[in-house]
Amino acid sequence: MSHRAITLKQVHKATFPETHRERTENKAIETAEVPGILVFPMAMHIGAPAKPTVKVGDYVKVGTMVGEAQGVISANVHASVSGEVISIEERDINDRKIECVIVKNDEQYTEEPAYPEAGETVEGALIPELIRRAGIAGMGGAQFPTDVKMSPEDNVKIDTLIINGAECEPYSTSDLRTLIEYADEVIEGVRIIDEVFDVEKIYFGLEDDMMEAAEVLREKTKDVEKIEIKVLTAQYPQGSEKQLIENCTGRQVPSGGLPSDVGCVVSNVGTYRAIYHAVRLGKPLVERVTTITGTPIAEPKNLLVRIGTQIDDLIDQCGGFQEPPRKVINGGPMMGQAIKDGSIPISKGTTHVTFMTAEEVNSDERMDCIRCAECLNVCPVSLQPILISNAFERGDIEAAKELGAMDCIECGNCSFICPSNIPLLENIRKSKQAIKEMEAQA
């Protein structure tokens, strides 16, 4: 079997936002300076928040667990520096009150011992446990606890791994640089998960503006027949799980279903690098690559950042501001969330932070829906965003549920395309939260 990059015909339920990667796509990853104070939220993952395992005055090391997972869908949290716990308090993070452990860095970086079970030979059954112990959650933004994905059920056959490198947000280059500079670690992480599932096929899904990464991967995996490098059209949201599965395999995940329902496991490239660190080196998740970018930033960079570093502490390392920012987004303009200040810490899912000028921020006033149906045309999961939004605004949460709000992947295509500036994504996100609260009370 020849091993080459392949460009496929794909499903086009997408938008094509202008990309702004030129300022960071060719910049090598730099190690970020570590600040004096770090903030560790107990909810850097989907599911139940972790419970603090330390108290004020405790001494922690790099890799000390400061928050323990609660239940199946949860994740451990670890200190990324050594030092003293100086506070445990609630903070506003992305419009949520989240309990946080605050650590004062002693700048010694004393490390916890590596997991004794880790190494070059680890039994497949132990791998999900090491991943859970390391607190790994999806690093492409979704932050779903990775050990749950990697724990095969007896009645489910996983035959395909998909490594999600389709970095479709228009500013982010953290996945691109991870693939170019840490390809060996990512590939070893993939080999580790293949030891769990023994799959028939492995796909690296990339976009067609990531050819340097495709060439690196092709060269490093040329002797592995089950691996294919699939180069897909650069469109948004190419990196959404269900769309990537369809464009790589032709399979369609049913409404309300999971990738495992069609024999697939999908995880981000950074997640596989973290798996390598946990299983081969015995280290928990304490760092990630994050892009700091946008027109106001004097020197946009790709940084290897210790989790818990506050965004404010990274701005000076990027030359400060060359002009005042009007908007700061934790993530990108399509799917990210606007933040009010720079005290938000880098978390497990922070792929990038985007700063935008007043000219770049769409400040047009909201108008009435003109019934253009563009939000329906670009929805990758074939929802009716305007109807869900309308149901939420009139308080009919049951109708929003019946319209499929919970199937929304929160890609932001609908808000991006809407000529009336209706906050469709924001309303659907609020609908999903209201549905969860309604079901919890039932």
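Helices (H or I, at least four residues) and strands (E, at least two) are DSSP runs, numbered from the N terminus. The structure is a predicted model, in which local features need pLDDT of at least 70 and side-chain atom pairs count only at pLDDT 80 or more, while totals for chains, interfaces and linings use all residues. Residues are numbered from 1 along each chain as its sequence is written, and side-chain values use heavy atoms, with hydrogens and water left out.

I begin with helix H10. Within residues 385–393, the buried positions are Pro385, Ile386, Ile388, Ser389 and Ala391; buried means under 20% relative accessible area, with a 1.4 Å probe and protein chains only. These residues pack against helices H9 (374–378), H11 (397–402), H12 (413–417) and H13 (424–441), where contact means heavy atoms within 4.5 Å. Just after H10, Gly395 adopts a positive phi of about 80°.

I turn next to strand E14, residues 287–293. Six of its seven residues are buried, so the strand is largely enclosed by the rest of the structure. Two strands pair if DSSP finds at least two bridges between them. E14 runs antiparallel to E15 (residues 301–306), joined by six bridges, and Glu287 has Arg306 as its bridge partner there. With E18 (residues 352–356), E14 runs parallel through three bridges; Thr291 is partnered by His352.

Finally, the nonpolar cores: sets of buried Ala, Val, Leu, Ile, Met, Phe, Trp, Tyr and Cys residues joined through side-chain atoms within 4.5 Å. The largest has 59 residues, and Ile193 and Phe204 have the most contacts inside it. Helix H4 (residues 183–197) gives the most to this core, with eight residues. A second, separate core of 21 residues includes Ile93, Ile98, Ile102 and Ile297.

Conventions:
Buried < 20%, exposed > 50% of the residue type's maximum accessible area, 1.4 Å probe, protein only.
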